[in-house]
Amino acid sequence: MNYLIGLLSIVFFILAISVIVKSMKINKNLSEAEDPNSAADSSNNINAYGMLAFWFFGTVAGVWSFNASAPDFLPEAASAHGVTTDKMFWISMSVVTLAFFITNTLLLFFAYRYRYSKNRKATFYPVNHKLELIWTVIPAVVMAILVFSGWRTWRDITSQAPSDAVVIEITGHQFGWYVRYAGNDDNQLGNYNYKLIDETNNIGIDFTDKNSFDDFTATELHLPKGKPVLLKIHAQDVLHSVYLPFHRVKMDAVPGMPTKFWFTPTISTDEMRAKLGKKDFNFKLNCTEVCGRGHFGMAITVFVDEPADYKKWCAEQKPFLATNPAYLAKVPENLKAKAAKYIPAEPISVDSTATEAVSVN
Amino acid sequence: MSTAISHAEEVHTHAHDHEHEHHEPNFIQKYIFSEDHKTIAKQYLIMGILWAFVGGSLSIMFRLQLGFPDMQLEWLRPILGSWIDESGKIDKEFYLALVTMHGTIMVFFVLTAGLSGTFSNFLIPLQIGARDMASGFINMLSFWFFFLSSAIMFSSLFIETGPASGGWVIYPPLSALPQAMPGSGLGMTLWLTSMAFFIVSSLMGGINYICTIINLRTRGMTFTKMPLTIWSFFFTAILGLLSFPVLLSAALLLIFDRSFGTSFYLSEIYIQGQALPNVGGSAILYQHLFWFLGHPEVYIVLLPALGMTSEIIATNARKPIFGYRAMIGSLMGITVLAFIVWAHHMFVTGMNPFLGSVFMFLTLIIAVPSAVKAFNYITTLWKGNLIFTPAMLFSIGLVSLFISGGVTGIILGNSALDINLHDTYFVVAHFHLVMGSASFFGLMAGVYHWFPKMFGRMMNSTLGYIHFWATFVGVYAVFFPMHYTGIAGFPRRYYSFTALGNDGQNAFTDLNQFITVAAILTFSSQAIFFFNFVYSIFKGKKATENPWNSNTLEWTTPVNPGHGNWPGEIPAVYRWPYDYSKPGAESDFIPQHIPFSATPESNLPEENEEIAKEKAIESLLAAQNESYNR
């Protein structure tokens, strides 16, 4: 509603200007003769005042709309690096907003102040090397400072993941995400191969790799709070992009080229719910690379658990092989014994659909 | 003023003895397959304006979906047919097609062809003092390849599977696999075909611009006496000539992948229950090739606008452009740097992070020449005597938008900050202000300023003022709030925001409505321009030779310059184009063709030395005439 009021005021602003311009035109004949040597007409002053008015209303609208929108901005970052980048964002943003405000103010004010007058002549002022040097050096220095701090942060974010990081595989497909955990025994993801994908093994887990045996899949992403997490990212069909807005994480998923991103979640889902006062708040994983019809709906829920709860949740998960014992047939003879450990004693029904991954739309 | 006129008359008296050989062209030669740069420029302009309305109306359709997701759009069915789904809303795939075609049309067909094509063609021969382009025939071919390309692109809007829909960047594999989305079928084939012709057209144009500027300058027109418009067209043409071929190769490899089973961009793909045999390709390779054009393209769009603005601001501030050489230097700096910043579009594609660091440094360097340009524009206004013609208003608007959109580039160029902002509305806000709106304002400024020379009549200035204010307020109202949704993490190219969760879709309901309504109003107000443009061509007030009291050579031509531009000799050039309000001078402008010997009262000490060179410049006349008769 507030915005509609803002909109109406803009409409009236435009109307007011057009009415004034029109009336000036009607009055043209009454006003004194225009300077024949100049293209300036009787509307010149109105346009000059328009610049001032634009500055004034623009500033008011800018400040007001920022404050009105701020409650909907992303809340405090829920990851360690996110806190750093958020701080840097707001510092950079204040620097550029200041530059934006000063330069636009000068531009609009000069436009008003130096509007045409037939009694005045413009100042012939073609060059001033000192001035030019100053405003080349100042942006260069400011830029250098911003870029240097940005580079250090970028270097830290993209550094090698700690060796104890929890490894989770995210695979994008039209239109959803598959999640695979490295398992409770070895924290090592098994190989995968896109040619092994079938209706049940929809990630293409390679069971000739013994690291695959304890891997389990999930329809939602669980992360331990305070522990580094390494996302290994794949795509099956077209480009996708893993986007965890609250964790300030984004990395494209590319078919044929594994990508990765590691970060440390710092706020659990429960803590965030308490912080925001929203009982049903949930972190999300969205897609930010256009991938087709269902692009906008390609999301799964992310839970950040206390480390103990995370351990408990992991322990409850059954390895893929345990829920789909038929895949034991794909395990090579020499590893059969190792794999068989994960097969439950009593046979479970083959048509289990427990691992059917979430698919939005 | 008086000296200018007397000299012009002098030129006229000994005119006509050198008759430029020409026969009266018939209608087709004159208006359709014309080799005259002025006609070709008008052809480009009219195509550009028509495309702008197409591209704009597409954006209004997707803005309706974003602003009013529950709105019944059944009334659009007569136009869109089955692209309106059963529930009376825009089809989800067609939404992506709208976004894609809006981007393609605006970037290439409006702001590249419509802007550069129009004004490079129109102004280069007129401002450097040439009778026409180096090759009128290639120039004509350039337009007709553009026309062919336009026809193909336009036809793709009407096919059953819809036009290309994978975003204007058409990243494979989405664009390579027809099974991934319907728009990647025939629509994409047409897109690629159209763009191939477009690139041919733009290369032909670019070669011509460069050759003409280097070879056909009139006597005395040294590089340091060229107007900044010409400098900007020169660098724009170089940018296009070096980068468009890379897009062509990217497109060709994509065509091979699509049609001949190659694997340049495809690897390990499982789609629709089928594992494709392609291995070893790299989807990232395409992105590198695309952005090697894609980033210079931003400057291909922007530099002509900046060049024209320099000219218009100097003329209407009645003041020399501040820091002429710094302006050339920053144009040159931007041109060089434009080639080595492309990967800042790819920080989060999985590219090596070290490469990301390198491109971050290079990207932030390009902000320095851009800042210098902004400061120089502002200083040009300082202590000027500002005449707010519609062209001047649009130029001031351009500077404002260039700054407002430019500053957020410093945020996005920082790879650490780009992680969260990449592909959000923050990016949309950034490039629509700095590249889209700023260049559009340059286009409008150019049309208002050079309309008298194009059509021999004046546009109505009151309608121009209303058009400016509506558009200026409008584009800020549309694009400024998008920063907010970007900071809130809203991704671009989203049909709706329901999957953000936590009532994310309700966060900016009223803001999105506001943007949509503002977009509709801004778009509608372009009708004022369209009416003014068409009406003034036929019924506008008759123009004079030099309505803005400007210094450059095009204003020494007759009101309706004929074939060959100057009925008599081409004037010689003795001074730079920015002698406005020179101390001591009687008139507040001294055109470029006035020798220093005619203005002893206003010459600076070093300019008095130039008088000695005037004889040498004049003696080049015979050689210049001979070069046209060869």
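Q: Buried means under 20% relative accessible area, exposed over 50%, and partly exposed in between (1.4 Å probe, protein chains only). Are D215(A) and R180(A) buried or exposed?
A: This is a predicted model, where local features need pLDDT of at least 70, side-chain atom pairs count only at pLDDT 80 or more, and totals for chains, interfaces and linings use all residues. Residues are numbered from 1 along each chain as its sequence is written, chains are lettered from A and ligands numbered from 1 in the order written, and side-chain values use heavy atoms, without hydrogens or water. Both D215(A) and R180(A) fall in one class: buried.

Q: How many residues apart in sequence are the parts that D215(A) and R180(A) tie together?
A: The two form a salt bridge, their closest N and O atoms 2.8 Å apart (a Lys or Arg side-chain nitrogen within 4 Å of an Asp or Glu carboxyl oxygen). D215(A) sits in the loop between β2 (176–181) and β3 (216–218) of chain A and R180(A) in strand β2, so the tied parts are separated by 35 residues. Strands (E, at least two residues) and helices (H or I, at least four) are DSSP runs numbered from the N terminus.

Q: What area is buried between chain A and chain B?
A: Contact (heavy atoms within 4.5 Å) takes 115 residues from chain A and 133 from chain B. Buried area is the accessible area (1.4 Å probe) that two parts lose on being put together, summed over both. Carbon and sulfur atoms give 70% of the total, which is about 10800 Å².

Q: Which residue of chain B does R293(A) meet at 3.2 Å, N to O?
A: Two salt bridges cross the interface of chain A and chain B. R293(A) meets D91(B) in a salt bridge at 3.5 Å. At 3.2 Å, the partner of R293(A) is E93(B).

Q: Is E93(B) buried or exposed?
A: The relative accessibility of E93(B) is 13%. By contrast, R293(A) is partly exposed, at 28%. E93(B) therefore counts as buried.

Q: Which helix of chain A gives the largest share of the nonpolar patch?
A: The patch covers about 390 Å² and is made by I91(A), V95(A), I134(A), I138(A) and V142(A). Patch residues have over 30% relative accessible area and no salt bridge; like charges are joined within 9 Å, nonpolar side chains (Val, Leu, Ile, Met, Phe, Trp, Tyr) within 5 Å. Helices α3 (80–113) and α4 (129–157) each supply at least two residues. The largest share, three residues, comes from α4(A).

Note on methods: Areas by Shrake-Rupley, 256 points an atom, 1.4 Å probe, with all protein chains shown as cover.
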